[in-house]
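This briefing is meant for a reader who is meeting the structure for the first time. Please look at the sequence and the model below, and then follow the points topic by topic.

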Amino acid sequence: MPRNILIINGHPDPDSYNAALTAAYVQGAQRSQATVEVLHLGTLDFSPNLRFAYRKRTELEPDLLRAWDSIQAADHLVWIFPVWWGSVPAVMKGFLDRLFLPGFAFQKREGSLWWDKLLTGKTARVIATLDQPAWYYRWFNGRPTYHMMKKMVLKFCGVKPVGITHIGPLRLSNDRFRHKWLARVGEMGRKDGK
């Protein structure tokens with residue numbers, strides 16, 4: 001049965017290689033008859049600042065409310081972004097801070113260290129681009145975005161399984177390398193769409 005897939009492109013530049021990866025994934029998923037929606041975070045209108053932390057709720061802007069509806073409707077979440085300074089771009093971090101809130105993505109239990117995971121039943125894929133080889137990112141830098149996205153965000157909220165793909169080094173890559181990865185990501189989309 002075809003799936004409902006939401007792709008979240010965390011790169012703020014609409015002409016980035018991450019946008020090309022997003023388009024390749026969309027084409028692959030559509031070959032499997034999946035329903036596909038794309039959120040380009042750089043085009044959304046919202047403040048990335050969680051002004052009061054969890055002490056007081058900041059009203060969600062219309063773009064965030066629509067994004068949350070899309071997240072709830074999706075069976076499969078695909079996050080495509082560059083790794084910058086061992087983390088995600090500021091717009092993506094702001095998106096997570098503002099939207100993955102108690103009562104939305106998880107719920108703390110009163111008087112307990114435990115929480116309820118409110119996004120169970122969803123799966124995810126993370127595709128992150130790097131300016132270093134993936135093996136170097138893993139063995140020498142400890143894969144900080146892997147741990148953040150897979151463990152601290154998605155699994156924390158009940159999303160599993162979470163597949164992770166790192167593509168790098170992008171900065172020194174040639175057209176052959178980039179086209180190869182576009183084809184691979186398109187195939188991921190085709191398989192995920194089933």
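The protein chain has a radius of gyration of 17 Å, which agrees with the value near 16 Å that a compact globule of 194 residues would have; the radius is taken over C-alpha atoms, and the globule rule is 2.2 Å times the number of residues to the power 0.38. This is a predicted model, in which local features need pLDDT of at least 70 and side-chain atom pairs count only at pLDDT 80 or more, while totals for chains, interfaces and linings use all residues. Residues are numbered from 1 along each chain as its sequence is written, and side-chain values use heavy atoms, with hydrogens and water left out.

**Overall build**

- Along its principal axes, the C-alpha trace of the protein chain spans about 55 × 40 × 30 Å.
- The protein chain has six helices and seven strands, where helices (H or I, at least four residues) and strands (E, at least two) are DSSP runs numbered from the N terminus.
- Read from the N terminus on, the order of these elements is β-α-β-α-β-α-β-β-β-α-α-β-α.
- Of the 194 residues, 48% count as buried; buried means under 20% relative accessible area, exposed over 50%, and partly exposed in between, with a 1.4 Å probe and protein chains only.
- Among contacts with a separation of 6 or more, 78% come from residues 24 or more positions apart, a contact being heavy atoms within 4.5 Å.

**Surface**

- The protein chain exposes about 10400 Å², of which carbon and sulfur atoms supply 53%; accessible areas come from the Shrake-Rupley method with a 1.4 Å probe, and for residues only the protein chains shown count as cover.
- Trp135, Tyr136, Trp139 and Phe140 form a nonpolar patch on the surface, with about 560 Å² of accessible area together.
- Patches are made of residues with over 30% relative accessible area and no salt bridge, like charges being joined within 9 Å and nonpolar side chains (Val, Leu, Ile, Met, Phe, Trp, Tyr) within 5 Å.

**Helix H3**

- Helix H3 (residues 90-99) is largely enclosed by the rest of the structure, because seven of its 10 residues are buried.
- The buried residues of H3 are Val91, Met92, Gly94, Phe95, Leu96, Arg98 and Leu99, and their cover includes strand E2 (35-40), H2, strand E3 (76-82) and helix H5 (144-154).

**Asp63 in helix H2**

- Asp63 is found in helix H2 (residues 62-73) and counts as buried at 16% relative accessibility.
- Not counting residues up to four places away in sequence, Asp63 touches Thr43, Leu44 and Asp45.
- The side chain of Asp63 reaches the backbone nitrogen of Asp45 at 2.6 Å, and it also makes a polar contact with the side chain of Arg66 at 2.3 Å.
- A polar contact is a pair of N or O atoms within 3.5 Å; within protein, one must be able to donate a hydrogen and the other to accept it, and residues adjacent in sequence count only if both atoms are side-chain atoms.

**Salt bridges**

- A search of the whole structure finds seven salt bridges, each defined as a side-chain nitrogen of Lys or Arg within 4 Å of a carboxyl oxygen of Asp or Glu.
- Glu187 forms one of them with Arg31, the closest N and O atoms being 3.9 Å apart; this pair links distant parts of the chain, with Glu187 in helix H6 (residues 175-192) and Arg31 in helix H1 (residues 17-31), 156 residues apart.
- Glu187 is partly exposed, with a relative accessible area of 27%, whereas Arg31 is exposed at 52%.
- Arg190 forms a salt bridge with Glu187, with the closest N and O atoms 2.5 Å apart, and these two residues are separated by about one helical turn because they lie three residues apart in helix H6.
- Leaving aside neighbours within four places in sequence, the residues in contact with Arg125 include Tyr25, His76, Trp79, Met188 and Asp192.
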